[in-house]
Amino acid sequence: TLPEETERAYWTTLVAESDAVLESDCFLTADYRIIKKLVQLEEFGVVEDRLWSRLLMWAEPIADSLATESDGHVHKRCRTEEAVDSTI
C-alpha cells in the first residue's frame, strides 16, 4: 500500500483530471479496485454515457477471458432466474 499522503495526492489528481483519466489507455487496463473506487466517487465528474461506454470497453477483455474459460458452455438466464448451461 501507498503512504496515505501519496494516495490522497493520486486520487486528487485523478478527480481533477476526470475526463483525461476516463479517455486514457490506462483506464482500460486498470485494476478493478481502481475502477470500482473511481465510479463510486461523486467527484469523478464525467458524462455518464461516456463512462458506461468506457466501462464496457474495460470489461470486454474480462468477458472474453471468461467466455474462453467456460469450456464451450454458454451460461444463460431463463425467466425464472435459474442458471441453465447449454453446450455451444
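Select Ser18 and Gly45 in this predicted model: the side chain of Ser18 reaches the backbone nitrogen of Gly45 at 3.3 Å. Keep Ser18 selected and colour helix H2, residues 18–23, to which Ser18 belongs.

Is Ser18 buried or exposed? Ser18 counts as buried because its relative accessible area is 5%, and the cut-off for buried is under 20%. Next, display the residues that Ser18 touches, leaving aside those up to four places away in sequence: Glu43, Phe44, Gly45 and Val46.

In soluble globular proteins, nonpolar side chains tend to be buried together.

Beyond residues up to four places away in sequence, Leu55 touches Phe27, Ile35 and Val39.

Finally, show the whole protein as a cartoon. There are 5 helices and 2 strands, and from the N terminus on they run in the order α-α-α-α-α-β-β. Of the 88 residues, 17% count as buried. Among contacts with a separation of 6 or more, 49% join residues 24 or more positions apart. Switch to a surface view to end the tour: the accessible surface comes to about 7200 Å², and 55% of that belongs to carbon and sulfur atoms.

Definitions and conventions: Residues numbered from 1 in each chain as written. Predicted model: local features only at pLDDT ≥ 70, side-chain atom pairs only at ≥ 80, totals over all residues. Heavy atoms only, no water. Helix = DSSP H or I, 4+ residues; strand = E, 2+ residues; numbered from the N terminus. Buried < 20%, exposed > 50% of the residue type's maximum accessible area, 1.4 Å probe, protein only. Polar contact = N/O pair within 3.5 Å; in protein donor to acceptor, adjacent residues only side chain to side chain. Contact = heavy atoms within 4.5 Å. Areas by Shrake-Rupley, 256 points an atom, 1.4 Å probe, with all protein chains shown as cover.
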